[in-house]
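Me: I would like to learn how to read a few features from a model. Please take them one at a time.

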Amino acid sequence: MIVKLLRKMFMPVCLFLLGTVAAMGQTGSIQGVVTDKMTKETLPGANIYVEGTTLGVSTDLDGRYKLENLKPGPVTLTVSFIGYKKSSAEVTVVAGQTVTHDFAIVTDQMMLDELVVVGYGTQRKMDITSSISSVKVQEITDISVPTFETALQGRAPGVQITQDNGMASASVTVRVRGTSSIYSSSQPLYVIDGVPVITGSYTSTSGYPDKSNVLSLINPNDIESIVILKDASAAAIYGSRSTNGVVLITTKQGQAGKTKFNAGYYYGLQTVTHKLDVLNGPDYLKYTKEAWTNSYIRAVKSGNTAQITQFDTSNNYANYWSALAVPEEIAEKTNTNWIDQTIRTGKVQSAYLNATGGTEKTRFFIGGGYDKTNGILVNNDFERISAKVKVDNNAFDWLSVGMNIGITYGTYVQVPTGWAGGLGTAQSRSLPIVPIYDTLGGPYDTLPYNSEGFYDPRGGTNVVAYLYSQEYKAYQTYLLGGVYAEIKFTKNLSFRSEFGLNDFFQRETMYESTLTREDAHGEDRRVEVDKYDITNLLNYKRIFNEVHDLGIMVGMSSESDDQYTVGAWGEKFPSPTLKNPNSGTLRDGYGDQTGYGFLSYFGRVNYTYKEKYQLTVSMRRDGSSRFGADKRYGIFPAGSVGWIISQEKFWKVPVLTYLKLRASYGLTGNAEIGNFSYIGLWGTRQYNGEGGIGPDNIGNPYLHWEESSQFDVGIDYGLLEGRISGGLDYYYKYSYDMLLRKNIPQTSGFSSVMWNLGKMQNQGFEFFITSNNMVREFKWITDINISTNANKIIDINDQRISGPDANGTYGNNIAVAGHPIGAWELVEYYGVAPDDGYYTITNAYYTGNEDPSKFNTADITTFQYGPEQFQVFAQGGDPLFVNQYGEVTPVWDFDKDRNIFGNPYPTIYGGINNTFSYKGFVLSIMFTFSLGNDIYRDDGKFFEGGNLGSNWNQMSIISERWQKPGDVTDQPILLWNSPLSTYNTTRYLDDGSYLRLKTLTIGYNFPASITSKLKLDKLRLYIMGTNIFTFTNYLGWDPEVNRDNSANVTQGVTYLSPPQAKTITFGIDLGF
Amino acid sequence: MKRIKSILTTIVVLGILLTACQKVLDVYPALQIYDEAALNTVQGLQTALIGAYDKLQSGYLYGGRIWVGGDMLADNVVKSGDYALVYEEIQMINKQLSPDNLITAVLWSDGYNAIYIVNRILQAIPLVYGDSISVERNTIEGECLFIRSMLYFDMVRYFGNPTSGFGVPLVIVPQDITEQPPRATIEDVYTQIIGDLERAKTILPLVKNNNNHATSYAAEALLSRVYFYHKDYNKAAIAATDIIESGQFTLVDSVKDNYLDQTVSSETIFALISTTLDPSCGTLNGYYRIASKPRFIPANSLIKIFLFTGGLADQRYTKLFIESGGKLYTTKFDNRYMDVPLIRLAELYLTRSECRANMGDTVGALADVNVIRARSGLPDLTYTLQSKLLQDIYYERTKELFFEGDSFFNMKRLEKNISNENLLWNDPKLLYKIPQRELDVNPKLEQN
């Protein structure tokens, strides 16, 4: 050991001496140019080194290199460059001379030697036997999007990404190989530089229903690579949180050499992708009047005296006019487009500056960024300032240390969009016959809409008043940092210890003035999330007898997460300029504190024989505070095998030059169920000013992880030396012991108890291909990825689980065995009765009134099926439904006739990207598509005649309504405040399939001849469009929509949800 | 040297493992207490009792919809047009209740949740107090019985089906989550309620105001109401007399004084208390309060009763109605911090009046109804024809207690036709549906 140490100390000295000696003797040089064999272009930045030494240089801007002071004699020169195959050549150095050797290297389209980040380590791409998707840095940063998640859309097979809406900092729904859980989270685990990070939304949802996204605080320009672990073999090393896949993000690292700078800026404009077609003022009057008249005619027909009086049409419709929201003289001359008041042309701006450099011993990366989005909705802004430093130091040849720290400050401004205030109200309760301003110049119709004594997000119609009266801003600080030390005990054995810290602080200020509230309301809310984790890894890697390549990793990690919320609100402020809750006369506070911990041990063995046969086995034991003491630990094993057939001697298929078979199987877990579900708890209450307690949760000490077993089989292939490459996978993921809220009789005092009882499967194919169609001066690359997923609930104990809320649901999504999760429970809509007539219903009789034909359908509710035949009368224009016997009926009887329809998740989805380049020009066209998913327009039932007469604006499609006998249409007769249209039926279930021109980029990279004059390494100008156009049959705003990304069951539902944005950006990237 | 470093490193790492790591799994809730420790002390029982009262404040219970539900079914209210009705309200107005109607479903779930709390307390009382009997113990027990009775009484009136005789499941001890209690008969539920209230009456403190909690008077007043609805008019009258003659409660001069901010009027026997930070009347404000753009205004049928039975000089009309924009609103629920008067002395007069009339004591009946009429500024009734008298008592009761959760049940009790559609009192359309989710998990339940 002492000897070794001495060697360590003396080695540099010796090298120095040797160098000096060599310099004194005769030496020679080698120079040359490195070019692309196909395009003949010179390649700057390629690395040339002398094998067996530390001597090496990079090529300059013209692709030239020169190695000097070489000892005479033969040497092996190797050139390596990202994206190219390594190339070596024997060159003989002659003393006192400069030998010229040029390299023409070929692109390595397969990139088999590339190191890919996997859980707790890296692996050569070739050695990977599990299913992972790797997204290159350029694919993310060449797209001017504010968050990295949206940049992944359509680029990774098996990964479905939906930006929930087009708002700044909008939440994103990510599904890796389908939804694997009903009640727990189905979002993947995000790990940045080894640290599982804080994700989700922490903005207050009280009155501000749309979620923000913490991950939008990550600057995409700091990211080097994103890898998505999909199958059990890849993911199970993350144990109890790996069922939904793992997204591994690696940030940029310093590169030794001259300090290089990269800078960029873009500016863009945004509009909504599509505008909802609602009635204008005159049309609103026309249709409401028609409805009024129809209601009157029907009242006369049925002899309903109360309604005859109500819908009296005499005196020039005096009753009608008084039933409108505004007086006749105002209504007739007003035509307000409220939607236009709440949307705008948005602006996006982004700038970044990175510096990277250092020596072989110490390397650094420094990055800074500024982003500002003024979104498509008025008062929706997001601003982000980020800074990042990463330093790595090789202290000794046996010790390297490093740290990185990234800090982001973001501000987020928003008016509520769902109901009160913003776009949600503008498209529904804000009527086109209501003027914006009254005669005095103040907002029209702003009586306080207070229900239940507190702020009710359902109130309010004058959006403009809300835009003035409501202020909301969130100030967010996101800190992510870590330090590590890595010790090399021997050449084969190393130890790495990491400490990661992730903090999130948020301050929200909210204020609503008396313009829209009875009492002004000010609120201040703070959230703090503190997260740290410790990871220790012991790595052993050795090649025995040149054929057995063995890698062993064992490790442990512990993670702790604490969250604190505290807030205060105030009302009855002495002055309108006082808004801080503490200046309110009436004020109160609230808060929360919670947390969880994980303690895990894990290990993995990788073994490769002759670079042909590959085996990976891993195991993790996880402990979690979220379960009772007896059920705290779980074990998650996984394994995979690979066989590179094309390495076999017998493989002589000429075109198929690379073929690898692989298979994996393993167990993964999901524990995202809230922190204390396992135990019965009583929380605080109050009454009469006294403190009390009440039951919050009924415990279940037997709770344990949700588990999934996943089987994956796949191939990786390469044709024509990698000109065409790709992969194909089949997977079957079986989730069991799913944590469900098991419904129990409420007579027990509770609605449900957490229970491990569900079973669900996901299976699908993933296919991707990269084809270098043209590789010479004109390049054309096509990337296609297509994924399928079929989800089916196998068993959830005969439950029907609806939406996120035990009491209230929206959208009628349901989880029920035999169907995909989130399918809809609806009555089938048949159409509209063209004429008055009877509908014969077999086996049915009516037990309410003796002569049911006298009544219209709205009167028939108790409808029992029995031995007799029965006739139901429908008037022309009534909606018709299909009952449980498949018969057409005018009676909507949800209890008896409901059925399961649709699927909120696509069955096929993916992306098609074509990149053309010629000289410096690059044109990239990317389509994304989603097929087979449905969207339930939960607002449709109020939009299409349903709430006519209830002060809701209507969609223009009601112009297709039934008007006279014989009309054949899907839109029923218009009636004032008709119950006929507000039923949940398949009428509002739309096919959500779409094909979208997601991005189109035209860029120009200036040639070296110009950039060198400008003293630049790189200069790129580009124009890019996002969401340029969309082919879809969907009737609402935009088919990429999700009302609530936290619930697995409630997907594919809209309720006045904001649309997506179409963006055009102009940008510049510089390197120097 | 290197070995030493390696060893040191290992020690450091092991140190981290042993100290930091085991502790990461020890995470405890900071704002909640464990169930097993919640009810072990007197303080636990008392705070849980507060929790039960808190639950009564729910907008689906006495915070509002127990009152409003019947008025929607009876068409005592009509849509104001100021504020859109939601799905479940439209269903009730249209008499098309579905089993997922929120108003009925949450009455069920919140009701049984409150009942669970008091059942837990009742179960824990002997464990905490042992054999010792004290005023404190009796008060806790009596309040629990009172709360449970009040809930069962309203639930059985909404869910109980007079045709089949089925009431609601009767849970009087905390049940296991696997139990599937069937619907008890309406009679059995009444028997339980009456027994509980008789006991509550004797063990609760005989004071006017037990710090705003239930008192012996509250229990007896509720008992009078229960007997009345059970058509046991003799016992209802006796209980009413006890309250009226106790001298503890007096009618206020101005009816509006029953609905003031944070004031329990001299006539209120039991109220749901509001504080500025914890109002009990928010839901009622939302339904009726003019400044809140209410969902409902009084129906013409109600106005007509005022018009035709004493005229509009009635202070219940002049002080509790207001016209605005061509519509007539009620001002009963205009205050945002009103203590919701769940039982008032006026009701007991009217109850006794009707009981007496039914039992042939027309003089006594007239005396009682005239007390109420006089307070409202109406002349005394003088005739003694029983049927006409009963009719007028009905009108007085309707006018006195409008929107206070009485009218719908009163019409059912009197077997009058109900709603604009003139439905028979026992028409199944007027019954709350057993929630679908409940039928799904408890096959022993039968739908109405």
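Me: Does A:Ser169 count as buried or exposed, and why?

Reply: Keep in mind that this is a predicted model. Burial is read from a count of neighbours, with 20 or more C-beta atoms within 10 Å as the cut-off for buried. A:Ser169 counts as buried because it has 30 C-beta neighbours inside 10 Å. It sits in the loop between β12 (159-163) and β13 (172-176) of chain A.

Me: What is the phi of A:Ser169?

Reply: Start with the general idea. Most residues other than glycine have a negative phi. Now the case here. A:Ser169 is not a glycine, yet its phi is positive, about 60 degrees.

Me: Where does B:Lys293 lie, and what is its phi?

Reply: B:Lys293 lies in the loop between α11 (282-288) and β4 (296-298) of chain B. Its phi is positive, near 50 degrees, and the residue is not glycine. B:Lys293 counts as buried, because 21 C-beta neighbours fall inside 10 Å.

Me: How do I read a helix? What span does α9 of chain B have?

Reply: Compare the end-to-end reach with the expected span. Helix α9 of chain B covers residues 216-229, 14 residues in total. From first C-alpha to last it reaches 20 Å, close to the 20 Å expected at 1.5 Å a residue. Then check cover. α9(B) is mostly covered, with 13 of its 14 residues buried. After α9(B) comes B:Lys231, with a positive phi near 60 degrees.

Me: Which strands stand at the edges of the sheet with β11 and β15 of chain A, and why?

Reply: In chain A, 5 strands form an open sheet in the order β11-β16-β17-β14-β15, with mixed pairing. β11 (132-135) and β15 (195-196) of chain A are at the edges because each has a single partner strand, so one side of each lacks a neighbour in the sheet. Strand β14 (residues 189-192) of chain A pairs with β15(A) in the antiparallel sense, over 2 bridges. Across that pairing, A:Ile192 stands opposite A:Val195 in β15(A).

Me: How many residues does the contact between domain 1 and domain 3 of chain A take from each?

Reply: Begin with the assignment. Among the domains it gives for chain A are domain 1 (18-105) and domain 5 (825-897), while domain 3 is made of several segments, including 525-822. The centres of domain 1 and domain 3 of chain A, taken over C-alpha atoms, are 44 Å apart. Their contact takes 5 residues from domain 1 of chain A and 6 residues from domain 3 of chain A. On the domain 1 side, the residues divide into 2 nonpolar, 2 polar and 1 charged.

How values were computed:
Residues numbered from 1 in each chain as written. Chains lettered and ligands numbered in written order. Predicted model: local features only at pLDDT ≥ 70, side-chain atom pairs only at ≥ 80, totals over all residues. Domains from an automatic or database assignment. Contact = placed C-beta atoms within 7 Å. Nonpolar A, V, L, I, M, F, W, Y, C, P; charged D, E, K, R; others polar. Helix = DSSP H or I, 4+ residues; strand = E, 2+ residues; numbered from the N terminus. Expected span 1.5 Å × (residues − 1). Buried ≥ 20, exposed ≤ 12 C-beta atoms within 10 Å, placed from the backbone. Pairing = 2+ DSSP bridges.
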